[in-house]
Amino acid sequence: MEHQRVLVLDFGGQYNQLIARRVRDLGVYCDLKPCDLPLEAIKAYAPIGIIFTGGPNSVYGEDAPTADPALFGLGVPVLGICYGAQLIAHLSGGTVRHAPASEYGRREIELAAGSPLFAGIPKKSVCWMSHTDYVAEPPAGFSVLARTASCPVAAFGSEERKIYGVQFHPEVVHSEYGNKLLENFLYLICGAQGDWTMKNFAAEQIARIRERVGDRRVLCAMSGGVDSAVAATLVHRAVGDRLTCVFVDHGLHRKNEPEEVMSVFRDGLGMNLIMADAGERFLEKLKGVSDPEQKRKIIGKEFISVFEEEAKKIGAVDFLVQGTIYPDVIESGKGKSAVIKSHHNVGGLPDVVDFREILEPLRDLFKDEVRRVGTELGLSDGIVWRQPCPGPALAIRIMGEVTKEKLATLRDADAIFREEIASAGLAREIWQYFAVITDSKTVGVQGDFRTYENVIALRAVTSVDAMTADWARIPYEVLEKVSGRITNEVKGANRVVYDITSKPPATIEWE
Ligand code: XMP
């Protein structure tokens, strides 16, 4: 079934993926594409609406990204947000000015004219601004739809041409009626029908996979993370026993993780799941190694060779399943950035496995959609809401050499932290939370005795996409409980500290 589609053109702003996620959440499929997508490609895409995102530039800047004005003649509704709005004004003959100071934060917005874009939105509400340039005069034929105290044209539009611009960011939660505005654009202006739901997606994908695979064989590297779990479950629903999953137990997983994976997927769902028990092998290779990048390389390489050995035992397969998701495939269109950490994931597998085609059933989905599909498929919250865990797992949360003793201490401390966050009801608010075992020991006193043990650090961050993050303001009582439990219950730990650094300048993981 073909879905209605909206095209989100990416002008480089920080909330761009968020815009696309909101549109999808409202039941309309959309793709985020670079802003220089040629007109012919835009026509071929046949969108029911086009959204221009924000971006860091000024329309007067030298390399300011632009759009083909012919796009406004396609008869397809357009909504420009922030830079996108300024660009529409600029290209259509309006006036864009540079303000002496940037405007940033919550502002009261007042409607100036009736428009379907603002249907059901009160005359005054709060919106989120983040800009320097602003539209001073809308283009001829466009009306001012809203203003704020400092922004004369907070929204403008032409009802006849169905082209609109908003200076504020409807996609962020601080814009009180932002979601309503996007919904109005999609449903009242673009004529969306809301045909994008995860229930439909799961059913369609299962049918599609079944047809594509036929009676051939499929192999999947299961990591225990939500993406590979959902991908494997979809494929399993489609082809049953013709799917074989391999879970590499590198001995660096969090407490009980391998057992849980086996019990949910092999025992519960009846998947053909092989566990490769390779913990000793990984520890051996990691002996004496304390450099983070070296740890990553060793683990990545070893992971591939263990998987290769298992795959050889299985023999040739026709398909390899990958848990690729949409953010992995979006072309950012921006320059290459410096390598801060070499991320190890299963991207290196295709070379060592004898297969013909790749199956990527989640390629079109954002993480929140993957979770919803997981729920549709009946996976538990424990699997679906599992926080992201890096490929090298606990190895990069152990400072210095990875040893059995440190692993045991960290596993227990981490499990307590996770338990307490969950029971305080904070699990979904926090992007990632975990314990780290530092490379220092400190003196403590327990009973009447001196102790000399490891310092455990707790790390918890809020984030949208892991590119930037802030340390989570966990209530003191929760921290107190975690600290009390770790120092009492965990062997090898006598002190707990809380990491209060944002990213940047720190990173989320300690290594
Ligand atoms: P950093 O520490 O760079 O982490 O702020 C950003 C996100 O990436 C995850 N991460 C990794 N994921 N292999 C992975 O698969 C890695 O080597 C790796 N290092 C960091 C990290 O957990 C966070 O979600």
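## About the model

This is a predicted model, in which local features need pLDDT of at least 70 and side-chain atom pairs count only at pLDDT 80 or more, while totals for chains, interfaces and linings use all residues. Residues are numbered from 1 along each chain as its sequence is written, and side-chain values use heavy atoms, with hydrogens and water left out.

Helices (H or I, at least four residues) and strands (E, at least two) are DSSP runs, numbered from the N terminus.

H7 spans residues 257-268, and its buried residues are Glu257, Pro258, Val261, Met262 and Phe265. Seen down the axis of H7, these buried residues fall within an arc of 130 degrees, so they line one face of the helix. The arc is taken from the directions from the helix axis to the C-beta atoms. An α-helix has 3.6 residues a turn, so residues three or four places apart point the same way. Turned away from the buried side of H7 is a face with the exposed residues Asp267 and Gly268. Buried means under 20% relative accessible area, exposed over 50%, and partly exposed in between (1.4 Å probe, protein chains only).

## Strand S16 and its partners

Two strands pair if DSSP finds at least two bridges between them. Strand S15 (residues 432-446) runs antiparallel to S16 (residues 449-462), and twelve bridges join them. In this pair, valine 436 stands opposite alanine 457. S15 and S16 form a hairpin with two residues between them, and glycine 447 in the turn has a positive phi of about 65 degrees.

S16 also runs parallel to S18 (residues 493-498), joined by five bridges. Here valine 455 faces arginine 495 as its opposite residue in S18. With S17 (residues 470-471), S16 pairs in the antiparallel sense over two bridges.

## Backbone details to look for

Lysine 162 has a positive phi of about 60 degrees although it is not a glycine. Lysine 162 sits in the loop between S8 (155-158) and S9 (163-166), and at 36% relative accessibility it counts as partly exposed. Alanine 393, also not a glycine, has a positive phi near 50 degrees; at 2% relative accessibility, alanine 393 counts as buried.

Finally, look at the segment after S18, where proline 504 lies. The peptide bond from lysine 503 to proline 504 is cis, with omega near -15 degrees.
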